[in-house]
Amino acid sequence: MLSSLTFRTVVKTGRHPSSSVVRRSQVSSSILRWNSSAAPMSSGDWLDETALISDVPTYKNWINGKFVSSSTSTWMDVRNPATNHVIAKVPQTTSSELDDAVQSAKISFESWKNVPVQQRQRIMLRYQDLIRTHTDDLAKLITLENGKTLTDAKGDIFRGLEVVETACNIADKLMGESLGGIGTNIDCISYRQPLGVCAGIAPFNFPAMIPLWMFPVACTAGNTFVMKPSEKTPGTSMLLAKLAQDAGLPDGVLNIVHGGKDSVDGICDHPNIRAISFVGSNPVGEYIHARGSANGKRVQANLGAKNHAVILPDADREATVKALAGAAFGAAGQRCMALSAVILVGETKKWVADLVEEGEKLKVGSGFADGVDVGPLISRESKTRVEGIIEQAVEQGATLALDGRDVLVLGFEDGNFVGPTLLANIKTDNAAYTNEIFGPVLVCLEADTMEEAMGIINSNPYGNGCAIFTSSGAAARKFQQEIDVGQVGINVPIPVPLPMFSFTGSRGSIRGDVHFYGKQGVQFYTQIKTVTSNWSYQDTDLGGVAMPIMGQK
């Protein structure tokens, strides 16, 4: 276990001090006890270093604008994936603490919903500026707890920041419709109103982006919010909450709780929570959707994926191979939009050697180290699972063209590292194809025609994303029209829409029918109110006991 002093050493160096190799990382020594002249913060921040458990500090909740220590007796480890050392403990927030957070949000909603939308937008303008200012701080938190490289962590933050930027101009998406003179002296208008208290449940793989998909949109639309980050990566949400307060978000509008299934169940069951947003695995998402919906809540749930790339012989060989390697192995494959399956059409079946060569170029190591391309998996359990699927795939007939299971990272021998791995000659019943691996593993299938490749994709239960690489406009047009997947890239490996659009995964990759961010994100967090009014300045027949029929002569 780590002492409080050792904990700060880990943050400073990106490693445990007992390791033999010293990294040259420029990580701020105060990042987890963040302090900044731009947004000053006292020592009473989100880490409690006075009530150490097993000699490590503990995370607090964020309730009604304050960091509050938990009274729980159940604590979970927060580990550095590059070393597997415990760096902090996160509480299983108690039911009474969750209720405190919801009640804080409920009380704050009564005043927050009446704040003019342009004022709420101005808070988001200040917020996006603070996120930009503290990108390095946020990135170091992400790398410490998630393992991804600092460069990738900054991309995580930036894609979330873009959603905050769109929230700064949310007013036109809240506008309704009107029609005057539907009857004598009678007009009808509609407009969008906030729901009330909403909640978000986020995964470990995007500690900044996914929470920023949720609460900035919900809060700017007039709701209040209870956020539960992953228990594996809680730090980023804590800093995001403090920055939101510093931007002017009133106390109680945003609250942060922690924990595992007990917290999830509490959110699904709480009578004062109106809507739930979730991103994560299929089993958990389907559970949340069913339980939340049964309790009368709106639920949007982005789930798993098996994202395919179809490679036609006329594609740019060098550019395509580099794009595939980056999309498959980046973030150690822990992206819901990672390209995990490539279908090689015709002569491109010979490109496997090129993909192996490109994968071998990628450097595996600590996300804090210079020049690293692939960081660790989130946990030992994930590493064991990924390696198990690789072994099972080979037993079922796959060719192991590139094996990343025995990768050695000096000084980080206990880390959760798996290097880029490529499995060729994959069939659709192979375990490496039927499972979402969530690791740096690319599976290669073969097809004789584009139509055959499209048939493989359309037969897969997932519908998150796919891509085609070709120089033929006609082939690309046919692909985008006939493929049954919600997000399509044409010579683009990871087609995640920018937030002026919405994230539109489909089929087995989503539960609920209203998507994240963009127009649909606003629609999810609001409800339409329609008002029919009669202001008479001439005689009007308001009708009797029969159904009123307006405008009939």
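This is a predicted model: local features need pLDDT of at least 70, side-chain atom pairs count only at pLDDT 80 or more; totals for chains, interfaces and linings use all residues.

**Entry 1: the three-strand sheet**

I began with the sheet that holds E7, E8 and E24. It is open, has three strands, and its order is E7-E8-E24. The pairing is antiparallel. I then asked which strands stand at its edges. They are strand E7, residues 177-183, and strand E24, residues 526-534. Each of these pairs on one side only. I also looked up the angle between neighbours. Ignoring direction, neighbouring strands of this sheet are turned by 25° against each other on average.

Next I took the pairing of E8 with E24. Strand E8 covers residues 186-194. Nine bridges join E8 to E24, and the two run antiparallel.

I wanted to know how many residues of strand E13 are buried. The strand spans residues 298-302, and four of its five residues are buried. The burial cut-off is under 20% relative accessible area. With four of five buried, E13 is largely enclosed by the rest of the structure.

I then listed its partners. Strand E12, residues 273-279, pairs with E13 in the parallel sense over five bridges. Ala275 stands opposite Arg298 in E13. I followed the chain from E12 to E13. It passes through helix H9, residues 282-294, and this β-α-β crossover is right-handed.

Strand E23, residues 510-511, also pairs with E13. Here the sense is antiparallel, over two bridges. Asn302 has Ile510 in E23 as its bridge partner.

**Entry 2: the seven-strand sheet**

I turned to the sheet that holds E15 and E18. Its seven strands run in the order E16-E17-E18-E15-E14-E20-E21. This sheet is open and its pairing is mixed.

Strand E15, residues 339-345, and strand E18, residues 441-447, pair over five bridges. Leu344 has Glu446 in E18 as its bridge partner.

**Entry 3: the cavities**

I asked how many cavities of 30 Å³ or more the whole structure has. The search finds six.

I logged the largest cavity. It holds about 100 Å³ of space. Its lining has 14 residues, and the closest to its centre are Gly333, Arg335, Ala338, Ser340 and Phe438. By class, the lining of the largest cavity counts eight nonpolar, four polar and two charged residues.

I then logged the second largest cavity, with about 80 Å³ of space. Its lining includes Val163, Thr166, Ala167, Ile170 and Lys173. Val217, Pro499, Met500, Tyr517, Gly518 and Val522 also line this second cavity. Which elements give two or more residues to this lining? They are helix H5 (150-167) and helix H16 (518-524). H5 gives the largest share, three residues. The classes in the lining of the second largest cavity are eight nonpolar, two polar and one charged.

Conventions:
Residues are numbered from 1 along each chain as its sequence is written. Side-chain values use heavy atoms; hydrogens and water are left out. Two strands pair if DSSP finds at least two bridges between them. Axes are lines fitted to C-alpha atoms, for helices over the stretch in contact, and angles run from 0 to 180 degrees between N-to-C directions. On a 1 Å grid over the protein atoms alone, a cavity is a set of points where a 1.4 Å probe fits but cannot get out, and a pocket is an open set with protein on both sides within 12 Å along at least five of seven lines; lining residues have an atom within 4 Å of a point. Grid points are joined across faces, edges and corners, and a volume is the space filled by probe spheres set on the points. Ala, Val, Leu, Ile, Met, Phe, Trp, Tyr, Cys and Pro count as nonpolar, Asp, Glu, Lys and Arg as charged, and the others, Gly among them, as polar. Buried means under 20% relative accessible area, exposed over 50%, partly exposed in between (1.4 Å probe, protein chains only). A crossover is right-handed if, with the strands pointing away from the viewer, the path from the first strand over the helix to the second runs clockwise.
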